[in-house]
Amino acid sequence: MAEPVAIATWVFGKTAVTVADDLLRKGASALDAALAGAQAVEDDPEVNSVGYAGLPNSIGTVSLDACVMDGRTLNCGAVAGVENIRHVAALARRVMEKTPHILLVGEGAKLFALQQGFPLENLLTPKSLEQWEKSKPGRGRRDSVQPAPPDDDYTSHDTVTVLCLDKEGNLGGVCTTSGLAHKLPGRVGDSPLIGHGLYVDNTAGAAGGTGVGEEIIRIAGSLTIVEAMRAGRSPQEACELAVRKVNATAARRGVHPARVAFIALNTQGQTGAACTARTDFKFAVARNGHIEVLQGKEIAP
Ligand code: SD4
């Protein structure tokens, strides 16, 4: 029997790990617990980077991405560019369980959601619309897909990624986001891409990312971390290795590293977290009712 652990990105990850930990202690599977935790954040109107009240793209449409992965079987499912469906992580799980596919996008994903009984909803709230207006590029905040310059106050990198270890010793993970605010219509980041925003394998470990998705995709962030754990690195060492890789690829392109962060968990219950400079990355960990919000280690370029 393993001691259950839940880890999730950002301060609102506390909501996710609190829900997940409660379920894990009752014997829920890692995937069920991670999904319930992520869904609690999707439902929170105060979190405007995930699910309901997520910040819209450049034309004012809320477009969501999510994926799930079961570390026991490597079963996984994902959806991208989904409009008017709130619980996209649950939808990703349906893709995993009810179809022979892994990733559904846009209208096809929405049609599948309707077939599965998910309700259509307006995900924009008056408050998120106001915030979107205020945060338009050129209005003091940049929400570009380009790496942010050093003096930038670009902070809307708030995907929730939840990784869990259950009593049976299985790992499960979920990643869900509205993506970068003001993104181009059709843009998809790392979050719904297996191996990029999330990767979970009982035989090596689990990892997830948050931040500028283009930079996470460039290094296949989560798979990089899981394979580093397979090769013997601790979750912390593996996250740091991935951040150093992000730094190195930025240097090769002659740009400042974008804000990116990673979390990781292995089957021994060890956790790790690291981020690029200026990311001010916080994450939450729950073990047996004990919940902490911690600061991710910043790795300078
Ligand atoms: C993306 N990684 O779409 C996401 C953005 C985000 O925390 O908010 N991450 O690139």
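Start by selecting K134, which counts as exposed at 55% relative accessibility (buried means under 20% relative accessible area, exposed over 50%, partly exposed in between, with a 1.4 Å probe and protein chains only). You are looking at a predicted model, where local features need pLDDT of at least 70, side-chain atom pairs count only at pLDDT 80 or more, and totals for chains, interfaces and linings use all residues. Residues are numbered from 1 along each chain as its sequence is written, and side-chain values use heavy atoms, leaving out hydrogens and water.

Next, select E215 and R218 in helix α6 (residues 213-218). Their side chains form a salt bridge of 3.1 Å, N to O. Is E215 buried or exposed? At 2% relative accessibility, E215 counts as buried, while R218 is partly exposed at 43%.

Then try K26 and D22, another salt bridge, with the closest N and O atoms 3.1 Å apart. For a network of salt bridges, pick D32, R93 and E97.

Finish at the ligand. An oxygen atom of the ligand is 2.6 Å from an N or O atom in the side chain of R187. A polar side-chain atom of D190 lies 2.6 Å from a ligand nitrogen.

Key. A polar contact is a pair of N or O atoms within 3.5 Å; within protein, one must be able to donate a hydrogen and the other to accept it, and residues adjacent in sequence count only if both atoms are side-chain atoms. A salt bridge is a side-chain nitrogen of Lys or Arg within 4 Å of a carboxyl oxygen of Asp or Glu. Helices (H or I, at least four residues) and strands (E, at least two) are DSSP runs, numbered from the N terminus.
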